[in-house]
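Hi there,

Here is the structure I promised to pass on. Have a look at it first, and my notes follow below.

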Amino acid sequence: MSQPMTRSAREDWFAPEGPHLLGATCTTCGSIFFPPQIDFCRNPACDGESFARTPLSRSGTVWSFTVNHYKPPAPYVSPEPFTPYTVVAVELHSEGMVVLGQLSPDSPRIAVGDRVHLVSEVLFRTDDEEQLVWRWALDQEGREVA
């Protein structure tokens with residue numbers, strides 16, 4: 001039996017190698033965006049239409065979080081039975097932008113101000129395929145010191 005093909009669930013947003021998120025940098029004004037925008041610059045002071053693919057920071061600080069107690073609609077794939085999960089808003093260390101993502105179910109509880117890093121985890125598996133997604137995990141160092 002052959003190994004299932006492993007791929008990113010969103011190849012234009014996330015590279016499992018590293019892992020890192022893929023943003024877009026406007027070549028006109030230098031603004032960085034996630035998810036990547038390919039049609040027009042979202043900076044209202046710019047009319048740029050050309051973008052460079054940009055790997056984003058792999059770590060950040062918890063800006064906010066919430067627990068999702070309801071199963072999202074399709075096309076979201078969730079385990080059966082559904083288990084609530086934490087959604088984290090993370091301020092990326094280098095870019096200063098806030099990016100949403102799930103907290104790894106293997107991560108301990110988090111608090112605002114905690115340092116987290118990006119991990120690659122399996123969203124789902126079939127006989128032919130394994131899809132990977134990004135999640136956030138608590139850094140070993142834990143909480144920021146004020």
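How many aromatic pairs does the structure hold? It holds two; rings of Phe, Tyr and Trp (its six-membered ring) pair if their centres lie within 6.5 Å, and planes under 30 degrees apart count as stacked, over 60 as edge-to-face and the rest as tilted.

F34 sits in the loop between β4 (32–33) and β5 (51–55) and W134 in strand β10 (residues 129–143), so the pair ties together parts that are 100 residues apart in sequence. Strands are DSSP runs (E, at least two residues), numbered from the N terminus.

F34 is buried at 14% relative accessibility, and W134 is buried at 13%. Buried means under 20% relative accessible area, exposed over 50%, partly exposed in between (1.4 Å probe, protein chains only).

F82 and Y85 make an edge-to-face pair because their ring centres are 6.1 Å apart and their planes at 75 degrees. Here F82 is partly exposed at 21%, while Y85 is buried at 14%.

Now to the largest nonpolar core, which has 18 residues. Such a core is a set of buried Ala, Val, Leu, Ile, Met, Phe, Trp, Tyr and Cys residues joined through side-chain atoms within 4.5 Å. F34 and W134 are among the members that touch the most others. The largest share, four residues, comes from β10.

A note on the source: this is a predicted model, where local features need pLDDT of at least 70, side-chain atom pairs count only at pLDDT 80 or more, and totals for chains, interfaces and linings use all residues. Residues are numbered from 1 along each chain as its sequence is written, and side-chain values use heavy atoms, with hydrogens and water left out.

Best wishes
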